[in-house]
Amino acid sequence: MYERILVATDGSELSELAVNAAIDLALLTSAELVAVKVVHHYPAGYFEGSLLLSQAEVQRLQTQADAEAQRVVDAVKAKAEARGVKSTLAVIMKSELVSEAIIEAARIHKSELIVMASHGRRGITRLLMGSETLHVLTHSHTPVLVLR
């Protein structure tokens with residue numbers, strides 16, 4: 001049914017549901033698993049209030065975010081391999097738009113399914129915070145399984 005399943009994770013408890021479901025599906029269909037964590041690019045100069053961050057501080061923040069992302073995808077990979085998934089790729093994508101990076105990762109890795117979690121925000125909260133899941137659902141040519 002599926003040869004490659006992409007699971008998007010941010011390391012949260014909610015995304016752990018998506019990870020577990022993706023591992024279960026990969027086992028059921030003998031599919032490969034691609035674990036993706038998107039890291040935001042940090043700008044070269046950034047104003048937080050009126051404080052300008054130095055280039056060294058921006059680099060430190062980026063290095064810290066990269067290390068955390070690597071920890072998250074490595075944990076998914078280890079969990080999948082421990083359950084017997086035949087092949088797991090751990091991918092870190094860097095982008096300003098999380099949803100577009102997930103769609104691009106699915107395209108690059110020729111995934112036939114994207115598995116991700118949704119916070120289920122509604123009303124003004126969704127309007128203010130946006131919805132990466134909704135964007136993936138409405139813009140991806142790859143089928144998407146959303147868990148809440």
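Leucine 6 has its bridge partner in strand E2: valine 34. That pairing links E1 and E2, which run in the parallel sense over five bridges. The model is predicted. Its chain has 148 residues, and 36% of them are buried.

**The chain as a whole**

- Five helices and seven strands make up the elements of the chain.
- Read from the N terminus, the elements follow the order β-α-β-β-β-α-β-α-β-α-α-β.
- Among contacts with a separation of 6 or more, 74% come from residues 24 or more positions apart.

- Five strands build an open sheet, in the order E5-E2-E1-E6-E7, with parallel pairing.
- E5 and strand E7 (144-147) are at the edges, and each has a single partner strand, so one side of each lacks a neighbour in the sheet.
- On average, neighbouring strands of this sheet are turned by 25° against each other, direction ignored.
- E2 and E5 run parallel and are joined by eight bridges.
- Valine 39 finds its bridge partner in E5, at lysine 94.
- Three bridges hold the parallel pairing of E1 and E6.
- Valine 7 has valine 115 of E6 as its bridge partner.
- E6 and E7 also run parallel, joined by four bridges.
- Isoleucine 114 is bridged to valine 144 in E7.

**Covered strands**

- Why is E1 largely enclosed by the rest of the structure? Four of its five residues are buried.
- E6 is mostly covered, with five of its five residues buried.
- Leu113, Val115 and Ala117 point one way from E6. Ile114 and Met116 point the other way. All of these residues are buried.

**Serine 15 in helix H1**

- Serine 15 sits in helix H1, which spans residues 13-29.
- Is serine 15 buried or exposed? Serine 15 is buried, because its relative accessible area is 5%, and the cut-off for buried is under 20%.
- The side chains of serine 15 and aspartate 10 make a polar contact of 3.0 Å.
- Beyond its neighbours within four places in sequence, serine 15 touches Ala8, Thr9, Asp10 and Ala117.
- One of these contacts, Ala117, is also among the buried residues of E6.

**Helix H2**

- Helix H2 covers residues 55-83, 29 residues in number.
- From first C-alpha to last, H2 reaches 42 Å, close to the 42 Å expected at 1.5 Å a residue.
- Its buried residues include Val58, Gln62, Ala69, Val72, Val73, Val76 and Ala80.
- What do the buried residues of H2 pack against? They pack against strand E1 (4-8), H1, strand E2 (32-40) and strand E5 (88-95).
- Glycine 84 follows H2 and has a positive phi, near 100°.

**Helix H3**

- Helix H3 takes in residues 98-108.
- Val98, Ser99, Ala101, Ile102, Ile103, Ala105 and Ala106 are buried in H3.
- The cover over these buried residues includes E1, E2, E5, strand E6 (113-117) and helix H5 (132-139).
- Lysine 110 comes after H3.

**Loop residues with positive phi**

- Most residues other than glycine have a negative phi.
- Serine 30 has a positive phi, near 55°, and is a residue other than glycine.
- Where does serine 30 lie? Serine 30 is in the loop between H1 and E2.
- Lysine 110 is not a glycine either, yet its phi is positive, at about 55°.
- The loop between H3 and E6 holds lysine 110.
- Lysine 110 is exposed, because its relative accessible area is 63%, and the cut-off for exposed is over 50%.

Definitions and conventions: Residues are numbered from 1 along each chain as its sequence is written. This is a predicted model: local features need pLDDT of at least 70, side-chain atom pairs count only at pLDDT 80 or more; totals for chains, interfaces and linings use all residues. Side-chain values use heavy atoms; hydrogens and water are left out. Helices (H or I, at least four residues) and strands (E, at least two) are DSSP runs, numbered from the N terminus. Buried means under 20% relative accessible area, exposed over 50%, partly exposed in between (1.4 Å probe, protein chains only). A polar contact is a pair of N or O atoms within 3.5 Å; within protein, one must be able to donate a hydrogen and the other to accept it, and residues adjacent in sequence count only if both atoms are side-chain atoms. Contact means heavy atoms within 4.5 Å. The expected span of a helix is 1.5 Å times one less than its number of residues. Two strands pair if DSSP finds at least two bridges between them. Axes are lines fitted to C-alpha atoms, for helices over the stretch in contact, and angles run from 0 to 180 degrees between N-to-C directions.
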